[in-house]
Structures are given as C-alpha cells and as structure tokens.
Amino acid sequence: MAGALLGRFLLLTQLCTYARATKFCRESHGMTHNNEVLIGHSYKSLLTRGIFGCGHECLASLKCTSYNYQTSAVGRGICELNDGEFSGKRHLVKKQGFVFVQVKWKQRPKSCWEAWKQGARTSGYYFIQGRTECLFYEMYCDFSSEPGWAWTLVMSQSLSSRSKAFAKDSFLRGPFKNQQYPNWENYRIGNSRMNIVQGQSSHWRVTCDFPSYGVDYRDYVRVAFKKINPMKYKVSGGCREVEYINIRGHNCTKCTAGWWQTDTQFLTHFSDKDICQFGKTLGFLDNEANFGGYWKNNVSSEFRCSSVNTSTTNHWFGGKV
C-alpha cells in the first residue's frame, strides 16, 4: 500500500517558479505522521495526484502551515490544507490511509553576511531574500578578497555607463538597473533592497575593476556606516572618517576625507580638493572624481576605476564575520 511505503521519513518539498531572473522559492522540511490527520484547521480541500502535489499546493499558499493527504487513494487523493499552529502529536487524530505533514519554512539569507553565517564560504552568486519571505534575488557575494569579511555587491558601473541615470543619481534617490541580473557594467539594486542589505552591514567599500584586480588596496576605500551612511548622506565637501582610502597610492588609515553627495550628484570624492586630513592627491585633474560621480572630462586614466571605458566601479555593503 502507498501509505505503508511512506513510513516515517523526512519529506523535502520544493516549489520554484521564475519571473525573469528573480527566484520565488519556498522549501519545507516536514515530519510525516502516517494514519493520522489534524482536524479543525482545514481551510481548503482538493484532489491532487500524489503527496508531492499536495505539498506543492501547500507551499503555494502563504496561509498553509500543514496538510493532510489521502495516501490510500488510487490516482487522485484528498488534499486538505491546514492553517494554524501545530505544537505536538496530541493534536492529531487517527485516520487510516491518510498522512499528516507539517510545513516549516526554510529562510534564505537577507545579505551575503548572513549567508556566511549560514555556512556559505565560496564567492559567487547566491539567492538573497527580498522584502517578503518568499521573494528572492540573485546577488553576488564576495567572501575571499578580504579574509574575515563578507560583502554584497549592491552596484557596479563601467565608465562608459557614467551618463546613465543609475550611475548619476545619488543613493538618496535610488534608481535601479538590471537588479535581476547582477553584472559588473550596468547594475544597481533598488533602495528597498539596498536598505535590507544595509540593515545587516556595518561597512561599505568601493573597489575598482574588481574582476581584474580583486582587492590589493590600491584605488580602494572602506567606510563604516556609522561614519557615512550613503543612503542618508547629503553634504557637499563634508569631512568624514574613513577606515582606509587609497587613490593612486596616496593613502591613509583612520583619517578624514572629503565627500560630496546631493540629490542629483552621486556620492564622490574629488582629488583636487585640499580639505580634510586626506587632502588632495598629486597628479589630480580639475574636479577629478573618484569612486563614482563621473562626468565627461573629470576622470583620470591613472585611476583604476576610470582608466578606460570598460573599467568598473564596484560598490559593496558588508561587515566582519
């Protein structure tokens, strides 16, 4: 009999659909209870072909917390979707030829930092949870360039994209670009998703041409959110502490550097401004922008982020692990 073959085992059911590259996926781990059902909690009854069909129906409904299925049926069996909490076997009643399965949602990480905490160790693309428990996005995680840190890529632009809205508009406004398709040339997640990642991050950093150089700390900056939060910072030429900054070899640690951001000006540092402890960088151009906010003629070919049109500027949120 089908019921006898089920035995007592760990049932893993998964329902995944795709909308572009955005992944909607729920997973459940449920212990089966043969010849028993939960009564008084059924909100929907239907016929499905097999226990996995019933499981898929449950996973497709946010209301469903467990289900009863008629394993003794030939062909389609009765599938009852339950709501409410199940706290123990004492709530079950005997019913021959049926099985009860409790659903437990498996949560995805909300950032690469949380993915590390859940055991991820290899840099690459991961599905990160969005605004709801069943909305997931593919994002790029870096676990290796800086040992002891986990970073989520939130934006990346090539120099040739500098005139596009996603590259020009500040973090205060938050236009997104290709947020379903992480890439190095034209990519920026929207502010709602960026706020979720920022909520699990202590720092942000900017790297230049990461696919080519990784992190060797040249043309690089790392800042604590408590010193500058790009999502809220609206100052022209404010001196703020950075943990480390390097522009063409000119560097300092735990010093202040000048930063500009307005509603229409992307967060940037100007190398020709002799302000704050970091000061100006030798060999600067007039209004030379570093780490973003590039115009047509305010970039240096000696700075990795802007050396050629295919050079990329990469923004990350993350923290120590």
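Mentor: Start with one term: buried means under 20% relative accessible area. Keep in mind that this is a predicted model.

Trainee: Okay. Is Phe 143 buried or exposed?

Mentor: Phe 143 counts as buried, because its relative accessibility is 5%.

Trainee: Which aromatic pair is Phe 143 in?

Mentor: Phe 143 pairs with Trp 116. The pair is tilted, with 5.8 Å centre to centre and 55 degrees between the planes.

Trainee: Where do Trp 116 and Phe 143 sit?

Mentor: Trp 116 is in helix α3, residues 112-117. Phe 143 is in the loop between β8 and β9. The two are 27 residues apart, and the pair links distant parts of the chain.

Trainee: And Trp 116, buried or exposed?

Mentor: Trp 116 is buried, at 19% relative accessible area.

Trainee: How many aromatic pairs does the structure hold?

Mentor: It holds 19 aromatic pairs. There is also an aromatic cluster, formed by Tyr 125, Tyr 140, Trp 184, Phe 210 and Trp 316.

Trainee: Why is the pair of Tyr 217 and Tyr 244 edge-to-face?

Mentor: Because the planes of Tyr 217 and Tyr 244 stand at 90 degrees. Planes over 60 degrees apart count as edge-to-face. The ring centres of Tyr 217 and Tyr 244 are 6.1 Å apart.

Trainee: What parts does that pair tie together?

Mentor: Tyr 217 is in the loop between α6 and β12, and Tyr 244 is in strand β13. Those parts are 27 residues apart in sequence. Tyr 244 counts as buried at 16%, while Tyr 217 counts as partly exposed at 31%.

Trainee: What is phi of Tyr 217 near?

Mentor: Near 70 degrees, a positive value in a residue other than glycine. Arg 248 also has a positive phi, near 55 degrees.

Trainee: Where is Arg 248?

Mentor: In the loop between β13 and β14. Arg 248 is buried, with 15% relative accessible area.

Trainee: New topic. What does Arg 248 meet in a salt bridge?

Mentor: Glu 288, at 2.6 Å, N to O. Glu 288 lies in the loop between β15 and β16, so the pair ties together parts that are 40 residues apart in sequence. Glu 288 is buried, and so is Arg 248.

Trainee: How many salt bridges does the structure hold?

Mentor: The structure holds 10. One of them joins Lys 94 and Glu 36, with the closest N and O atoms 3.8 Å apart. Lys 94 is in strand β6 and Glu 36 in strand β2, so parts 58 residues apart in sequence are tied together.

Trainee: Is Lys 94 buried or exposed? And Glu 36, buried or exposed?

Mentor: Lys 94 is exposed at 69%. Glu 36 is buried at 7%.

Trainee: What about Asp 216?

Mentor: Asp 216 meets Arg 304 in a salt bridge, 2.8 Å from N to O. The pair ties together parts that are 88 residues apart in sequence. Asp 216 counts as partly exposed at 40%, and Arg 304 is buried at 16%.

Trainee: Which residues are linked in a network of salt bridges?

Mentor: Asp 142, Glu 146, Arg 205, Arg 222 and Glu 243.

Trainee: Last one. Which residues form a positive surface patch?

Mentor: Lys 226, Lys 227, Lys 254 and Lys 320. Lys 320 is in strand β17 and is exposed, at 56%.

Note on methods
Residues numbered from 1 in each chain as written. Predicted model: local features only at pLDDT ≥ 70, side-chain atom pairs only at ≥ 80, totals over all residues. Heavy atoms only, no water. Patch = residues over 30% accessible without salt bridge, like charges linked within 9 Å, V, L, I, M, F, W, Y side chains within 5 Å. Areas by Shrake-Rupley, 256 points an atom, 1.4 Å probe, with all protein chains shown as cover. Salt bridge = Lys/Arg side-chain N within 4 Å of Asp/Glu carboxyl O. Lys, Arg positive; Asp, Glu negative; His and termini not counted. Charge placed at Lys NZ, Arg CZ, Asp CG, Glu CD. Helix = DSSP H or I, 4+ residues; strand = E, 2+ residues; numbered from the N terminus. Buried < 20%, exposed > 50% of the residue type's maximum accessible area, 1.4 Å probe, protein only. Phe/Tyr/Trp six-rings, centres within 6.5 Å; stacked < 30°, edge-to-face > 60°.
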